[in-house]
Amino acid sequence: MLYRHEIVCCFYSWRGSAWIIAASLIFSLIAYLLLTDKELSLLDQGEMVFTLGEVIIAMGIAMSAVSASSIISSEIETGTLESLLLTPITHRQIALQKMFSIVTIWAILYSVSIPYLVVVASGTNLALSAVLYVGVYGTLLVTAISMISIVISWRLKSSKNSIMTMLMIVLILLAPSLFFGTSLKKTDFGLAIENINPVSHAMNSLDSVLVDNEQTLVQQISHIWAVIAFTLICTFIFIAFTRKFEVKSAE
Amino acid sequence: MKAVLSKWNESSVYWNYSKVNKVCMCSLALVFVLACITTSLLGTAAWGNQILPSGSESPPSIQDDIKIDMISSRTVHAIAGQFIKIEGIITKLNQSTSSNETNRGGIAYISIVDVKDRVPVDLEDWSAEKGLYIPSIESGKSLPLEWNVRLVKSGLYTITILFNKDSAPYSPPVTSSKTFLVVAPKLNLNPGNILPVAFGVPAILIGIFGTLNYMRGRKVGVYR
């Protein structure tokens with residue numbers, strides 16, 4: 001019921017649906033630029049699909065972090081958490097249903113992105129791989145980030161603080177893929193950061209699949225395990241910290 | 001159980017619009033920042049005007065005993081994105097006096113110069129093999145040279161083949177005559193049928209969410 005309520009509240013208001021529309025406009029802009037810009041259109045098609053895949057995953061992570069990091073704290077700030085805790089479901093179920101509502105929004109965002117991936121990859125054998133790998137990595141990362149965000153939202157009890165904290169975490173996770181140059185990535189520092197960063201693993205795996213055409217799961221298993229391990233760690237943290245919510249307002 | 005749930009529904013102010021507003025504004029700001037970062041990473045280049053060549057073709061260069069002839073036509077017209085072949089022939093003339101030099105080779109490479117911007121072109125995206133190592137050329141023999149060049153950007157360019165002899169590292173390279181390359185821009189407004197998707201998906205989403213919002217508004221009395 002709580003899950004349904006979250007979804008309905010999100011999509012019956014312009015504010016909730018604005019995420020999806022804004023994301024589709026960004027995908028449209030990037031896909032159109034990639035295919036029509038006189039220099040970008042000369043890129044290898046695998047590179048184009050990879051760039052779009054990166055943007056889709058980055059959008060999903062950002063969306064889940066921002067949405068989930070205020071999901072408990074906003075209840076505390078508005079004084080509705082007490083009422084929520086009176087419902088005959090456990091505190092962990094409340095957190096889980098809220099987390100699933102975020103993952104559902106990611107699922108819609110991902111569904112919106114599929115036509116773009118297919119169009120940009122048309123004429124190659126990359127479309128199916130792009131859709132599958134973006135789906136796998138996006139879902140794992142969005143689930144993990146949502147769980148961490150909910151925990152932070154609960155611990156900090158302030159939407160402003162939890163959103164800022166999660167934005168910083170997301171920027172740190174995305175930095176190696178978006179801001180590190182090729183030479184910096186090849187240094188010991190860059191390699192160490194990329195080895196421990198699950199988002200870098202996901203992006204490097206997409207690069208390997210779409211640019212280097214290494215499409216089998218066996219070739220990507222090292223990257224997939226790293227992302228799964230990150231999701232499992234986030235799950236343990238989520239389970240440990242959502243056992244009991246206390247009814248205290250933020251001071 | 002039902003009674004408890006309905007009581008909870010009635011008593012709780014579940015969705016606080018002011019707080020949601022703040023969160024959504026933050027979300028949209030983040031989307032905007034992400035869009036700016038992405039588009040700045042992609043980048044675009046300005047269109048260049050094309051200037052047709054006016055100079056005359058210089059004769060093949062002969063330095064010492066090496067001659068390079070450009071086989072490709074003097075002016076090549078193509079469209080950005082196409083691959084062209086640059087072909088030449090390197091010949092070692094029978095003028096060699098030193099027997100040591102008979103089997104000496106060197107590196108043959110191409111140089112592309114942007115005539116409009118007056119700068120040499122970085123060949124990283126243009127050609128996979130910039131240089132060809134020739135271990136040796138016997139006197140009186142010729143070797144074919146060939147490069148596949150991808151035309152990355154529209155404009156006017158000159159292409160020259162150069163050869164650096166191993167035996168004379170400090171002497172200037174032997175050069176071929178120039179080939180003028182006129183690259184026209186590639187114009188395609190709807191490659192891969194992107195336009196229906198790029199405009200259709202946001203339009204459909206706006207329609208769906210607009211309808212949902214309107215139906216909800218009618219239900220609660222916002223729209224009459």
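Guide: Happy to. A strand here means a DSSP run of at least two E residues, a helix is a run of at least four H or I residues, and both are numbered from the N terminus. With that in hand, Lys92(B) belongs to strand S4 of chain B, which covers residues 83-92. Please keep in mind that this is a predicted model.

Visitor: Is Lys92(B) buried or exposed?
Guide: Buried. The cut-off is 20 or more other C-beta atoms within 10 Å, and Lys92(B) has 23, so it counts as buried.

Visitor: And what is Lys92(B) in contact with, leaving aside its neighbours in sequence?
Guide: Beyond four places in sequence, its contacts are Asp65(B), Ile66(B), Ile137(B), Glu138(B), Ser139(B), Gly140(B) and Lys141(B). There is also a C-alpha distance to note: Lys92(B) and Ile68(B) are 24 residues apart along the chain, with 8.9 Å between their C-alpha atoms.

Visitor: Zooming out, how many helices and strands does chain B have?
Guide: Three helices and eleven strands. Of the 224 residues in chain B, 23% are buried. Among its contacts between residues at least 6 apart in sequence, 72% join residues at least 24 apart.

Visitor: How many helices and strands are there in chain A?
Guide: Chain A has twelve helices and zero strands. It has 251 residues, and 47% of them are buried. For its contacts with a separation of 6 or more, 79% involve residues 24 or more positions apart.

Visitor: Which residues touch the most other members in the largest nonpolar core?
Guide: That core has 83 residues, and the ones touching the most other members are Ala31(A), Val49(A), Leu52(A), Val120(A), Leu141(A) and Ile150(A). Another core of 25 residues lies apart from it, and its members include Tyr157(B), Ile161(B), Val174(B) and Val183(B).

Visitor: At what angle do the axes of H7 and H11 of chain A cross?
Guide: At roughly 175 degrees, and the axes come within 10 Å. Helix H7 spans residues 127-156 and H11 spans residues 198-210. Angles over 145 count as roughly antiparallel, so that is how H7(A) and H11(A) run relative to each other.

Visitor: Which residues meet there, from H7(A) and from H11(A)?
Guide: From H7(A), Ser129(A), Ala130(A), Tyr133(A), Tyr137(A) and Leu141(A); from H11(A), Pro198(A), Val199(A), Ala202(A), Ser205(A), Leu206(A), Val209(A) and Leu210(A). By class, ten of the residues in this contact are nonpolar, two are polar and none is charged.

Visitor: Switching to backbone angles: which residue other than glycine has a positive phi?
Guide: Lys157(A) is one, with phi near 60 degrees. Its place is the loop between H7 and helix H8 (159-178) of chain A. Lys157(A) is partly exposed, since 19 other C-beta atoms lie within 10 Å. In chain B, Arg118(B) has a positive phi of about 55 degrees. Arg118(B) lies in the loop between strand S5 (106-114) and strand S6 (119-120). Arg118(B) is exposed, with 7 other C-beta atoms within 10 Å.

Visitor: Last topic, confidence. What is the mean pLDDT of chain A?
Guide: It is 87, and 95% of the residues in chain A reach 70 or more. Among the elements of chain A, H7(A) has the highest mean, 94, while helix H1 (residues 2-11) has the lowest, 77.

Visitor: And what does chain B average for pLDDT?
Guide: Chain B averages 73, with 65% of its residues scoring at least 70. Residues 1-17 of chain B stay under 50, and the model gives them 17 contacts beyond four places in sequence. Residues 39-58 of chain B are also below 50, with 23 contacts beyond near neighbours in sequence. As for the overall scores, the model has ipTM 0.80 and pTM 0.65.

Technical notes: Residues are numbered from 1 along each chain as its sequence is written. Chains are lettered from A and ligands numbered from 1 in the order in which they are written. This is a predicted model: local features need pLDDT of at least 70, side-chain atom pairs count only at pLDDT 80 or more; totals for chains, interfaces and linings use all residues. Axes are lines fitted to C-alpha atoms, for helices over the stretch in contact, and angles run from 0 to 180 degrees between N-to-C directions. Angles under 35 degrees count as roughly parallel, over 145 as roughly antiparallel, 65 to 115 as roughly perpendicular and the rest as oblique. Two residues are in contact if their C-beta atoms, placed from the backbone, lie within 7 Å. Ala, Val, Leu, Ile, Met, Phe, Trp, Tyr, Cys and Pro count as nonpolar, Asp, Glu, Lys and Arg as charged, and the others, Gly among them, as polar. pLDDT is the predictor's confidence in each residue, from 0 to 100. A nonpolar core is a set of buried Ala, Val, Leu, Ile, Met, Phe, Trp, Tyr and Cys residues joined through C-beta atoms within 7 Å. A residue is buried if 20 or more other C-beta atoms lie within 10 Å of its own, exposed if 12 or fewer, and partly exposed in between; C-beta atoms are placed from the backbone.
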